[in-house]
Amino acid sequence: MPGLKRVSPLFIRTVAYLMVLCLIAGVFTWFAPQFMTAGNLATILRHLAADGFAALGLTFVIVVARYEVSFPGVVCFVAMAMGFLISGGLSLPLAFIGGVLICAGVGAINGIAVSYLKLNDMVSTIAVGSLAGGGAFLFNGGQSFFKNFVSCGLLRLNDAKFAGINISVYLLIGVYFVAWLILHRSRFGRVFYATGENPTSATYSGINVRAVTFWAYLICSVLMALVALMLMAETGMANVHIGSGCMMAAYTGVFLGAALFGGAGVPATFAGTLLIAVILNGFNLLSVPYYWSDAVLGVVLVLGIVAFHKDGVNRLKNVFKAKKKAQDRAVEISDSDNNLRLERVK
Amino acid sequence: MGETILNMIGIEKSFGSVKALDNIDFNLEQGEIHALVGTNGAGKSTLVKILSGVYTKDAGEVRIAGEPVEIATPRDAVNCGVAAVQQHPELVPNLTGYENIFLGREHYNPGLFRKVNRRALRARADELSKQFPISIDLDRKVSRLSVVERELLAILHSLTRQDIRILTLDEPTSTLTEKEQESLFSLMRALKNRGISIIYITHRLEEVFTVADRFTIFRGGRRITTMSSEQAVQSTKSLAEMMLGKALGDVYPAKKEAAALENEPGETVLKVEGLSFGESFKEVSFKACKGEILGIYGLVGSGISELSKVLFGVLRPGEGTMVFKGEKLVLKNPGKALRRGIFLIPRDRRVEGLTLERDVLFNLTLANLKKASGLGGFVKVRKTWQEGARLAEIVTLEPPNLATKAGNFSGGNQQKIVIAKGLYTEADLYIFVEPTAGVDIGARSTVYALIRELSKTSAVIVMSSDCDEVHGLADRATALYKGKQVLAPTAEVPRDQLLVAGIMGNEERKRCQV
Amino acid sequence: MNAQPRTERFSLLRLFFVNQGLCIFLALLFVAFAWARPTMIYASTLVTILKSISILVLMTIGVTWIIATGQLDISFVGSAAVANMLAAWLVLNGYGWGLGIACGLIAGAAIGIVNGYLIGYFGLSSLIVTIATGAVSMSVAEGIGAGASLGMNSAGWMGELVSATIGVVPIIAIGVGAACFLGWYSQEKLLWGHYIYAQELNYVAVVEAGINVKRLNLLLFVFSSVMASVAGILLTAALSSGNAGIMWPYMVDGLTAIFLGSMAIRKGQPNILGTIVGSGILAVLNSGSGLMGWTDYQQSIIKGALLLIGIFLLVRFGTERVSEVVEA
């Protein structure tokens, strides 16, 4: 029987990942000894929050086998919206709720466009992102908000600590835990994965594939409110370009994690995002200019995919190799008498 | 005929721990049509795929016309003169027939910057069809052609490359009617006359006698025997035994007696009246009762596929009524159907029935996640595992390992997983579409037994294009022909009557044609 | 129950007929702007518009075909940026345009080769790979200028070439026009186009027919990157500076042009002529918005809306895509 004789593949991967993490940390410490200080490690974790939430949101969309590129624009938009509300005197919790509602609205637009109107996911999210990014300027003519940021307690999210670790880290872990419960321990998670891996069979199992895809986009957008919140807490203001750095970090986190662990998922995304954060922090300590960070992420992403894709884990193939699926179907023996193949769903 | 064009010696192939081919020796004579017969998983497809370069052999030697060759890729195979036609040939739907025939062979050296000269291609296609007469309109787009026409096109396409000496056909007739098979066979004979040797894989023993010169039986990765058709004619019974390796018992379980059907009718679970869906089928009516199996026989294209989808909520009917357990049934989607108590075992189980990348347990519970989860939606892992093990035992899943990916099981076992998935939903009506497509004889009787067992506690509808299957299983049978219900649901329908109804419509029509 | 057939190839005569819808929209848009701002029809504006179209078409000509095969290339702005900055740096440091152009093209080709190899031969998803290579390229481009733009005193002979016009028509527009004609010809008449569209319809069939799809894809991605780098070099000459940041808007513009354009002629399949018309719409939009005094962000809102509406119309009135499972 397959699998019984070997050690669990997940265990092997986790060990391998930890080894890679330690190796990279070791290399950085060698070149920049301040890497291993408590202060720096806390910084890594603190920065992790914003990218971590973005990657988490993206994970849901990737799991249903779709793409989302509107979120940087959405982060800008909702940050400006929340900044507007806070500067207008609203309390932090209320402003945040407002932000969540706005994100839900945008997520709904994405979800409707992709799921119900059946528009191409890449293109429609580019469009929505463009709309949102431009819309961010409408709140204050392009100028930043910072009034009341201190008094409403926003900065405490970034600064306050509990047991030496930032509040934002606890928040991150808390939200990730809830997401893990949903995606990996509940029936809803199974519905998401089933939709992404085989929407036809999911439909035949009674799953409303369109609704599920819609919810994936909604959840993704709602998490962007958290991203905006973290970024505002970190910089102390809301500016119109605040979200533009999210894209690469989020995608790299999700796909690197998927490459490392054989499929997209909450723990995988956490691992990927953590690795990215460590790498970026290290490069920062080594005084590598900011504009190289995307290049680093890009290279890491490609290396990660290439290094791990030949692995036998098929979930990985589903995530990455869109065309290979078509080739595989030609090679496999199809033992069903199906003559409607020319109308196959891509 | 006479000289050996192909020698395969000592071929071995394993997939993981499964040995697909065990020391196979195989010869093909020049200009012969050689059939490979055997049940699913016996190795015939694997051998052919090694020859055509899709798989690489683990050990052994391949010689073509005496010369040893190494075939590592499909390209190599073509260069050696081997052309392979897949079971479901891939054609480009929006291109015409002649464009598809010459796809990739528009010029002798097709660089990317050569001109596409459609008139020249059309002329070449005409030439080709003179040599190999097929009655297809080559100007029509492939998406508008029937299955057999596409099959023939695919064969012609495979011939346009270099000097093809060997042609392999992988189960080309599984979706063809008997009439259509004849067009295929006459093309094969034309090819044979031109000196092309053909290897031809099939499940069906009858075809062996119609068209093959010799045939080879495979079982369990081994070559059992090779003989000519004359030798085979004398021993039809033992042929099946050689394929199965044991005496053929009764494949179909006992049916309900007609008297019992009349006197003790089960509760009517589903009543359908005047059901129609567009052009696919019109005015279909029947009853499905607990305790009996309703069979619906219809060829591919007769409307049974669409009917099954309407019954399951995938498609919405144009007209007609459905009454389920006394209540009117309006299905917006399969979810509603499942909640009401209807389960469909679909025709294409790999695409519609299972999530192949996931383990058995995931698939088993997918249609009834409510049962599988407790408070807050959390999946009750241990409970579902126990239930899953129980169901796996009922359907005799082999190997009964719930953690294995569904895609790693054979066709028959995959079907069992789908049935178990249905059992998990505790449905009142089970609808089977082509229940044994791609399932070998060994597993077939198990599936039939399961269907019969199911019918004792629920209503069962079996839709199939296999007349024997419907006739063997159903207590009551009806037939569809081109969307019309040509035979009302009747008990104890003679096989011939059922066959004629399905392949020729009404008997009156038959009389008129003559 | 069969899906209706997709488009057939149109002869040149019928092209215009079907193309009408999008062209009419383009004409109306132009007229509307001209009515609001008469300076629209001044020679200088027209020249600017034609130059814009040329640049945009160059950027997207390769991407058009890549999307036609069902894949994506998000890295084209990165290629343009690298070529742009590289040429600027070389000219600024006295190496001359000859070397500048050559290096820019080589850089573009290199990016294209990486894309083509990873996607065509290694089989990775085009989206992920081009997101990655695009990010790397952009980063490298910014790195060349150490985060700033590179201003040149004079754009030399290249600058003059780029500014030269014959009447209202810039020289580069003529060059691009010729390239487009070649592109259209190969798309319609040569195996090149035949295989591209066949690949989108049934990738497996094309592979099984023995067509070297991997090589085709490699060439496609190299072509796309090189064309984008040509656009980047021309921009360096036109603006007398290397500036990676200006490339970003071309991403949305380019994809909008391609998708709007795919509504014409081939109804749902991206094609050269469609992209040209789409680029025309965007160029007119850009110029017109400038004349109207609309800010960047207002433009980006309008373009986003335009793109969304565009693909919505495409789905509603364009060709029928492959069937979904559940018919609502």
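Chain A of this predicted model has a secondary structure of 15 helices and 2 strands. Of its 346 residues, 56% count as buried. Chain C, with 328 residues, has 58% of them buried, and its secondary structure comes to 13 helices and 4 strands. The points below take up selected helices of chains A and C, together with single residues in chains B and C.

**Contacts along the chains**
- In chain A, 77% of the contacts with a separation of 6 or more are between residues 24 or more positions apart.
- In chain C, residues at least 24 apart account for 81% of the contacts between residues at least 6 apart in sequence.

**Helix 10 of chain A**
- Helix 10 of chain A covers residues 209-235, and its 27 residues should span 39 Å at 1.5 Å a residue.
- Helix 10 of chain A is mostly covered, since 24 of its 27 residues are buried.
- Just after helix 10 of chain A comes G236(A), which takes a positive phi of about 80 degrees.

**Helix 3 against helix 11 in chain A**
- Helix 3 (residues 71-87) of chain A and helix 11 (residues 246-261) of chain A cross at roughly 130 degrees, and their axes come within 8 Å.
- The crossing of helix 3 of chain A and helix 11 of chain A is right-handed.
- Helix 3 of chain A contributes F71(A), P72(A) and V75(A) to the contact, while helix 11 of chain A contributes C246(A), M247(A) and A250(A).
- By class, this contact of helix 3 of chain A with helix 11 of chain A has 6 nonpolar residues, no polar residues and no charged residues.

**Helix 4 against helix 5 in chain C**
- Helix 4 (residues 96-121) of chain C packs with helix 5 (residues 126-144) of chain C at an angle of about 155 degrees, and the two axes are 10 Å apart.
- Helix 4 of chain C and helix 5 of chain C are therefore roughly antiparallel to each other, because angles over 145 degrees are classed in this way.
- Their crossing, that of helix 4 of chain C and helix 5 of chain C, is right-handed.
- From helix 4 of chain C, the residues I111(C), V114(C), N115(C), L118(C) and I119(C) meet S126(C), V129(C), T130(C), T133(C) and S137(C) of helix 5 of chain C.
- The contact of helix 4 of chain C with helix 5 of chain C has 5 nonpolar and 5 polar residues, and no charged residues.
- An α-helix has 3.6 residues a turn, so residues three or four places apart point the same way.

**V230(C)**
- V230(C) is placed in helix 10 (residues 213-239) of chain C.
- V230(C) counts as buried because 25 C-beta neighbours lie inside 10 Å.
- V230(C) and G108(C) are 122 residues apart along the chain, and their C-alpha atoms are separated by 8.3 Å.

**M463(B)**
- M463(B) lies in strand 18 of chain B, which covers residues 459-464.
- M463(B) is buried, with 27 other C-beta atoms within 10 Å.
- Apart from neighbours within four places in sequence, M463(B) is in contact with I296(B), I304(B), L307(B), S308(B), F432(B) and V433(B).
- M463(B) and P74(B) are 389 residues apart in sequence, and their C-alpha atoms are 38 Å apart in space.

Definitions and conventions
Residues numbered from 1 in each chain as written. Chains lettered and ligands numbered in written order. Predicted model: local features only at pLDDT ≥ 70, side-chain atom pairs only at ≥ 80, totals over all residues. Expected span 1.5 Å × (residues − 1). Buried ≥ 20, exposed ≤ 12 C-beta atoms within 10 Å, placed from the backbone. Axes fitted to C-alpha atoms, helices over the stretch in contact; angles between N-to-C directions. Parallel < 35°, antiparallel > 145°, perpendicular 65-115°, else oblique. Left-handed = near helix turned anticlockwise from the far one by under 90°. Contact = placed C-beta atoms within 7 Å. Nonpolar A, V, L, I, M, F, W, Y, C, P; charged D, E, K, R; others polar.
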